Structure formats: C-alpha cells, structure tokens
Amino acid sequence: MIMAATSAPSSDLQTTTGVDRETEQGLDVEILRESAKKALINALNSVNGAKTLVLDPTLAGPLGLVTEVALLKHHGVDKMFWLEPGPLTSTTTNVVYLCRPLMKYVKIIADQIKRHTSGSLKHMYTLFLVPRTSTLVSRILEEEGVLGDVTISSYNLQFIPIAEDVISLEYDGAFKELWVDGDETIIYNSALALDVLQKTYGQYPRIVGKGDYASKLASLLTKPLPNQPVPVVSATPSSAPIDTLIILDRRVDMVTPLLTQLTYEGLIDEVIGIKNSHVELPMSLLNPPPAPNQGPSQASTSAAATSIIGERTKKYHLSAVTDPLFADLRDLNFSSVGKRLSRTAHRLDEEYKARQQAKTVAQLRDFVGKLGGLQCEHQALRLHTGLSEILLPHTRTDVFNKSLEIQQNLLASYESSAQVTAIEEMVAQGADMQTIVRLLCLASITMGGIKTRALDSVRREFLQAYGYHFLPLLLSLSSPPLSILLPNPLPPSTSPSVTASKLPFSTVRKSLRLLIDDNPEALEEVENDISFVYSGYAPISVRLVQCVAQKNGVISNPVVDKVTNSGGAAGSADHGDAVGKGTSIDAKKLYAHPIVGWKGFEDVLSTLPGKTFDIPSVNTVTGTNSGTTLVPSPIRLHEQTSTTVVFFLGGCTYTEIAALRWINRQHRGRKFLIATTGIISGSSLIKSIAGDGKVGQDSLRGSR
C-alpha cells in the first residue's frame, strides 16, 4: 500500500510557486480577463439607457471573476434578477437577458415576454447568448411567437484566468454533456476558445494529445474556424511564445478524479467545495476581532479557529495574488501544511518582536512601514489555520481513512476482491453516496471490471440504501461512451467500443511508473515526484504530459537524478529555497528538452484507450486572417522561454494542477499554461451525472 494523507512525511519539498519565485515570465493571462470585461461593457453599452439585467444563475460565478456589480451599475444596469420561471417586473424599458443557450432558459424568456405583451407592458428585449449565438434559439423563439420582439447577440465569454497559470471556461456541464448526453457542443466551443487564445498569444506550432474527443478537437483546430471578435485587449509580444498545445481527453484518465485529492487546495474542494475560485467560510475566520497588539502565536491562532463549524458563512476568493500564504500552501500535501503554518507563525512572531528592539526613529519608521504587511499576513495565517482545523477532523474520520485505504489497495491491486466487499460494508455504514460511487468506479477501472455476482450485489445494496432514483446514474456509468462501471467478464452482447475503452491498468501502472511504494528507500522519491499529490500515486494525465514535455520524469526521478549527478543529497540542495537552507533551487535547474511529440512512448500510448495524435507545424489553424507569426518547433530553449499549453477536455482537478506546477519548477526554459473546461472533483462529476436522468433535453446544440 501507499501512504495515507495523514501519515505522509511532513516535508515541504512540494513547494509552490509562492515560495519558488521564478524569474522566467509566462504568458500574461490577465489580458483575457480584461478582454472579457471590456466585451461585457461593450455589450451593455450597445443597449442605450437604463436596463434591467436578467442573469443565468450559472453565469454569476464566472462573471464574478471578470467584473463586479458596481461596474455593471456604472454602465446602466438598474436592477438585476435571476433568470427563473415566473413573471418579471421591470421598471426600465430595456430588458437584457444574459444566459447560456439552454432550452429551459429560452422557454422562460419567451414566457416572460408573452406575459408582458398580454399585460400591455412595452419593453425592448435584448438577449446575449454565452458564448455564441445559436440558430436553434432563434427557432424556438420563433415557435413561441416572440422572435420579432428580441434582439439576439452574443457575449463571447471564453477562457477566464483563475490563477496566474490556469485559465478555465468555467463550464460545469462539459463532462456530463460529452460522456452521458452525447452532446459535443463543448468540443466546438473549446475549439473557438483555443482559437482566440492563439490569436492573442500566437499560433500552436504543434498539437499533440490523447483521446477520441481530444482528437476531434484537434481536427477542428487544423481547419479554418468562423471569424470571431478579436480580443478587445491586444497582447504585447510575448517573451514566452507557445511551443505546443497538449490536449487530454478526460476519459483517458478517469482514475485521477475518482481519487481523494490530498493537496491543500484539493482537500478544500473535497470537503468544503470550491466554486469559481470561491469557498464558503465561517464569518469568524473572515472578520476577526481587531487585535493590533497581539502577535501570531500558535495559541492565539489555534484558539481563534475553534468552534467555527455551523456558523454563518461568507464567500472568500482563494487567490494567490491577494493571499501570498495561500500561494505557499495550495499545492502542498495536506500532511505538510501544519509545518508550513507553524514556520510562518514563528517568522511573524519574530518580526513582531522586532518592534521591542526598535530604539531609534529610523528603526521605528521601518517597523511601521512593515506593519501593514505583517497584519495582512497575520490575518492570512489565522484564516488558513482555521481552515486547516476544519479539514483536519475530516481526515481523521473512519469513513475518510477507510475510503483512502480502499483506494490505495485498488491502485496497488492488493486483494482487489476484498475491496469490493469493503465498499459494500461502507454502504451498510451509511457512507456518502458520492464516495461509494467513486470507489465502485475506481474498482471497476483498476480491476478491469467487477465480478458479475459481486457487482449485482453491491448495486442492489446501493439502490436499497440510497434510493432507486439513482438507477439512471448507475446506468449512465455503465453505458457507452462513459463505461466506467462494468462487470467482468463482459456480456457477449457488449459493443466493441466498450471493450476498446477498458484501461489495462496494471500494464499502464508499470509502464508509466504510476505507483511509488512506501518503503524507506522510496520515501524521498515520493517527495520529489508528481506522486506527492496523492501520497505515492502519479496521475496518468500528468504522466502523459511528462511523456511530451519531461520524458526523463516518466522513467525515473528527475530531481533525484539531477542531484545525484551533481554530487548533492537528494532533496536538500535542490530544494534549498523551499526549506530555507542550502543552495538555490535555480542553481541546479536544467533546460527543458525540445518538444518532439510522443517519441519514445508510442508503445505505452497504444495501450491506453482513445486516439493518439501528433500534428506538427500547424499553419492553417485560423485560416488567412490570424495575423500571427508561426513559432518554429522545437524552440531553441537555451535562448528563449516557451509556453506549453495543456488543455483538459472535460475538466481537471486541483491535484493535476499542483502536479503540473511541480514539473514547471524542475526546468528552465518552459512554462506551463493549464487550460480546462472547468475544475472538477470526483464528487462534482458524480453529482452532475446524477442530477438529471434525462439525456440531452436541456442542451441546444448550436449550429456551426
């Protein structure tokens, strides 16, 4: 078995970008935020006069990352309402609807317009569809008899920066629409968004990837796409041009999202839930009583963080920009967070004590100049100490540790049949529904299917315990194209596509070095490998990125090799900046190797389900109107830093982001920009599939 979250060594080797400040600059993603904000302003200004804004509730979170209410009011928004069934009362002549092109929303809009018409109320209606217009929306409005009353346009909201190196479409429904409903609209929308990205920063000289839907997306990117509005904010010439676009189909690696995330940010998402980079926290953590004369001792921060569960909550934006301590903590294995918090508290305590040693006016002035920053750090320390104390009891529950033990045993193929029995026992103990489904799917994938009799038994127990309304959920998980909850052996009537989609986990585990044991010789290797995010298990998706961008990291430990070759001790010198001693981490860094596609890993890729592709020298991506210069591939990395864009079609987890950041820190000359349809977890995927038993009735597949 591999290590549990709470038993992993309390090491800070998995340091984050908050500590290891890189001198190499990546792409400036704030351009995308400014562009989205200006596009929204232009859309609102296109409707003259005061206006009532009726907003799709699912867009509130993404828009909150782009703009604020005050800006909307400044541009004529008088009142705001959620787009929901029932009459709409508007005091302004102009009514502006802003929504995604879903049938339920179009029906609501048509109903509200007809109500106004029957009541002799005169309004001017404008409908902004996100991210693009759809002829089917027009057709439905025409059938409802209100098309002539509505002006239809689009608000091209696409990639939104949620961190300095992460951009997201923030579309929660992508996974379900693709792998349950069979709706491929998100593939086309992703192509349009990636097209705008290269119009902003430069073309993709090479596109590599894995997965059937990923292949369809890459195919779209090699053809001229319809002209879109050019970015409102122009990018300056980049010092880190794009060298490659890597597209990964979520279905290629379904193991990773089913596992419990063990990084700090990942565990927050698992336990509390992060929505559009915001988390609901107790008011006492966010609005502490003023204590200007109190140093950040361990006792004070600990006491302040007690008795906070069950309080009223408030949204808090988890941002490394406004919270540098979060930048240090977010990618650590949770077992290392306590040590980092303790060290931060000790440092702040020492700096507060400096005021007692200040005797001259100049010394006092220096201390007062630092006081504001110290108080902000003190508040951040208090917040994250309290947040950690919310998470800690959860990691000590029997259900959490039993679930973790089952996951670890399944990954190691240790007494696999006994794990299915253990899952059945957890059903009897009343464990959370999402936890049970995640474990069942993980067992099916890693075992090549669950024995038919055992699967029938546990499904029966599941439906009796949680309700037969979850039967559509089980059917969706068992049906193509998802097919992640299967019997073994498969029935003779099973379609060939299901058979082809099965993951030969044991083979892949060995060839991609997914599992690092917890024997003493391997402990340092865990700390110096992407497997730290799951305490000894490396995500398949990130190993695939390494197959392209860090080939030595797949077959051996790059950090240990690097330090060994230089005659140092593993971990200490190479991570000097991280632990506050030794030489600089940058001193040992090697330049990243040029991108040469999947070379060297063709056999491994052939065992994974889904198409493998490598499209070099793409020069027809945007037709003749791109106006960008093609960057040669491979870039001469010793002369120039390049950016590798990694796009997850179907969503990615915080642990995968943490693992990619770890790779990012190992070399000079290459920065990763992580792009995704949205941030996911195992629970969010299960909830999205279980939320609607109907297939494809909500989505309107836009015409192309």
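Reply: Asn 276 is found in the loop between strand 10 (274-275) and strand 11 (278-282). Please bear in mind that this is a predicted model.

Me: Why does Asn 276 count as buried?

Reply: Buried means under 20% relative accessible area. Asn 276 has 12% relative accessibility, and therefore counts as buried.

Me: What is the phi of Asn 276?

Reply: The phi of Asn 276 is near 50°, which is a positive value in a residue other than glycine. Most residues other than glycine have a negative phi.

Me: Where does Ser 535 lie, and why does Ser 535 count as buried?

Reply: Ser 535 lies in the loop between helix 23 (520-527) and helix 24 (540-549). Its relative accessibility is 1%, and the limit for a buried residue is under 20%, so Ser 535 counts as buried. The phi of Ser 535 is near 50°, again a positive value in a residue other than glycine.

Me: What is the omega of the cis peptide bond from Val 130 to Pro 131, and where does Pro 131 lie?

Reply: The omega of this cis bond is near 0°. Pro 131 lies in the loop between strand 4 (124-129) and helix 5 (135-143). A cis peptide bond also runs from Asn 488 to Pro 489, with omega near 5°. Pro 489 is found in the loop between strand 14 (487-488) and helix 21 (496-500). Most peptide bonds are trans.

Me: Why are helix 18 and helix 30 called roughly perpendicular to each other?

Reply: The axes of helix 18 (residues 433-447) and helix 30 (residues 682-690) come within 9 Å and cross at roughly 100°. Angles of 65 to 115 degrees count as roughly perpendicular, and the two helices are therefore described in that way.

Me: Which residues make the contact of helix 18 with helix 30?

Reply: Helix 18 contributes Met 433, Gln 434, Val 437 and Arg 438, while helix 30 contributes Gly 682, Ser 683, Ile 686 and Lys 687. By type, these residues divide into 3 nonpolar, 3 polar and 2 charged.

Me: Which residues of helix 30 are buried, and why are they said to line one face of the helix?

Reply: The buried residues of helix 30 are Gly 682, Ser 683, Leu 685, Ile 686 and Ile 689. Seen down the axis of helix 30, they fall within an arc of 160°, so they line one face. What covers them includes helix 6 (174-181), helix 9 (255-258), helix 18 and helix 20 (471-478).

Note on methods. Residues numbered from 1 in each chain as written. Predicted model: local features only at pLDDT ≥ 70, side-chain atom pairs only at ≥ 80, totals over all residues. Heavy atoms only, no water. Axes fitted to C-alpha atoms, helices over the stretch in contact; angles between N-to-C directions. Helix = DSSP H or I, 4+ residues; strand = E, 2+ residues; numbered from the N terminus. Parallel < 35°, antiparallel > 145°, perpendicular 65-115°, else oblique. Contact = heavy atoms within 4.5 Å. Nonpolar A, V, L, I, M, F, W, Y, C, P; charged D, E, K, R; others polar. Buried < 20%, exposed > 50% of the residue type's maximum accessible area, 1.4 Å probe, protein only. Arc of directions from axis to C-beta.
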